[in-house]
Amino acid sequence: MKIKAQLAMILNLDKCLGCHTCSIPCKNVWTNRKGAEYMWFNNVETKPGIGYPRKWENQTIHKGGWDLNGGKLSVKAGGRIRKFINIFHNPDLPTVDDYYEPWTYDYEKLISGPGKKHQPSIRPKSIITGDKMDIKWGPNWEDDLAGVCETGIDDPNFANLDHSIYLAFKNVFFFYLPRLCEHCLNPTCVASCPSGALYKREEDGIVLVDQERCRGWRYCVSGCPYKKVYFNWETGRSEKCIFCYPRIEAGIPTLCAQTCVGRIRYVGLIFYDAEKIQSAASSKKPSSLYRAHLDILLDPNDPEIANAAEKQGISQNFIDAARRSPIFKIAKTWELALPLHPEYRTLPMVWYIPPLSPIAEHIDPPDQTDTVDRLRIPITYLANLLTAGDKAPIRRVLKRLLSLRNYMRSINVEKSADKDILKNVGLTEEEAHEMYQMLAIAKYEERFVVPTCDSSDGMGQYHGQGSCGFP
Ligand code: SF4
Ligand code: SF4
């Protein structure tokens, strides 16, 4: 067993407001530079929709992630020979129009233009070319389902569902999906780079791009199935979410997590067995990938695991943090969080609690007795998004969340705790109260358990901000 520590995040989609507050500080701090205007390390999509960049989930077009051929993993976009042949023109890259052409306005004109009879107006102009432009797409074009009656047909999560039924006005559903780099355990961006510029940090698993080694081949961009590596057209280098590592090293959560208005995000350490990565990622059936991924996560409260971790050089600081981390509890103990598109086989480490939704009475068949089948968001859609089509884990999570809600209702409204509600989903009262505390009212130090790094000067990168090359 080779124990490694990984920083991970869980997002409770049931609580996301779609306010985009998370994206703004990230943008202002990390990508507020020339060449990075179109980059959103964190973005919030409305689902259903084709997202940003357009159709990022369609791996037939983008060829991101891994394939399993004869039990062996291979990069979907092809090996060295295909890379060599296409080295000056990578055909799998999204175009700038798939992201959006960044634009600005000539604000000066509003202030200094001559007085006129009508309200002054200015037209958008491209930041890249300086030409006037008509805006046809953006990072948040489908906000609250805008235009989804046209784009929804290309949302692959409608597989095995009739999208037209679910986009009809009376049946429509939507929810928000905040996205960032998944800091995968088996990242294709790292495996795709011919220059070895991408790497996974030894101590906490954060995936970074070495700007000195990057040669701008952009195979990381096409290799990442989540399309979370971006090419900076000014510097000619790739860039990606750095999990706010200067903050993390100082024991502070990422900007997107700290500023989240809905308090939907949890950040913490988790231990896993690195020797089992290959076998987990090579699980034969895509629908078994979630379970295989779950199985390689290790319990830091198990004394044997903690002793082995210490012997393998993991600091006591990290072991303590992993024990207090909300990640293991939510993902493994309660099995409430699920990985995004596990079928890409990258073993992503940003997981999601699926959202509940109002009961839709029109759903067929009308005699459906199980409440989770009558929720407005179809289970099949959530399963295509989070469990490679396996509906059982989605049903289990939704049932648990519903039962918790009903149990708390029985206490707070009916003034008599209904324990039977919990029995049906295998929860004890103690667990229910703990889950309620964590999911509904957890305080800062419960949601974010981030150990400081072992820096020799005891200072960490965060405090060196502005003085040693950090923006
Ligand atoms: S999500 Fe992040 S770590 Fe995973 S493949 Fe994409 S860029 Fe790499
Ligand atoms: S800040 Fe939080 S609630 Fe708002 S969109 Fe981002 S993740 Fe959702």
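Analyst: Helices here are DSSP runs of H or I with at least four residues, strands are DSSP runs of E with at least two, and both are numbered from the N terminus. By that naming, K55 lies in the loop between β2 and α2. The model is predicted, so local features need pLDDT of at least 70 and side-chain atom pairs count only at pLDDT 80 or more, while totals for chains, interfaces and linings use all residues. Residues are numbered from 1 along each chain as its sequence is written, and chains are lettered from A and ligands numbered from 1 in the order in which they are written.

User: Happy to start there. Is K55 buried, exposed or partly exposed, and what makes it so?

Analyst: K55 has 19 other C-beta atoms within 10 Å. Buried takes 20 or more such atoms within 10 Å, exposed takes 12 or fewer, and partly exposed is what lies in between, with C-beta atoms placed from the backbone. K55 is therefore partly exposed.

User: What sets the phi of K55 apart?

Analyst: Most residues other than glycine have a negative phi. K55 is not a glycine, and its phi is near 60°. N160, in the loop between α6 (148–151) and α7 (163–167), also has a positive phi, of about 70°, without being a glycine.

User: And how do you know that N160 counts as exposed?

Analyst: By its count of 12 C-beta neighbours inside 10 Å. The limit for exposed is 12 or fewer, so N160 qualifies.

User: Which residues of α17 and α18 make the contact?

Analyst: From α17 come I379, T380, L382, A383 and L386, and from α18 come K391, I394 and R395. A contact requires C-beta atoms, placed from the backbone, to lie within 7 Å. By class there are five nonpolar, one polar and two charged residues. Ala, Val, Leu, Ile, Met, Phe, Trp, Tyr, Cys and Pro count as nonpolar, Asp, Glu, Lys and Arg as charged, and the others, Gly among them, as polar.

User: How do you know that α18 and α20 are roughly perpendicular?

Analyst: Their axes are 10 Å apart and pack at an angle of about 100°. That angle falls in the roughly perpendicular range, so the term applies. Here L404, Y407 and M408 of α18 meet A432, M435 and Y436 of α20. The contact has six nonpolar, no polar and no charged residues.

User: What makes strand β1 largely enclosed by the rest of the structure?

Analyst: In β1 (residues 3–12), ten of the ten residues are buried, so the strand is largely enclosed. One side holds I3, A5, L7, M9 and L11, and the other holds K4, Q6, A8, I10 and N12. In a regular strand the side chains alternate between the two faces of the sheet.

User: How do you know that β1 pairs with β15?

Analyst: Pairing asks for at least two DSSP bridges between strands. β1 and β15 (residues 350–353) have four, in the parallel sense, and N12 has I353 as its bridge partner. Nine bridges join β1 to β12 (residues 265–273), and those two run antiparallel. There, Q6 has I270 as its partner.

User: Why is A8 called buried?

Analyst: A8, in β1, is buried because it has 29 other C-beta atoms within 10 Å. Leaving aside neighbours within four places in sequence, A8 contacts G268, I270, I327, M349 and V350.

User: And what makes I296 buried?

Analyst: I296 has 20 other C-beta atoms within 10 Å, and the cut-off is 20 or more, so I296 counts as buried. I296 sits in the loop between α13 (289–295) and β13 (297–298).

Note on methods
Two residues are in contact if their C-beta atoms, placed from the backbone, lie within 7 Å. Axes are lines fitted to C-alpha atoms, for helices over the stretch in contact, and angles run from 0 to 180 degrees between N-to-C directions. Angles under 35 degrees count as roughly parallel, over 145 as roughly antiparallel, 65 to 115 as roughly perpendicular and the rest as oblique.
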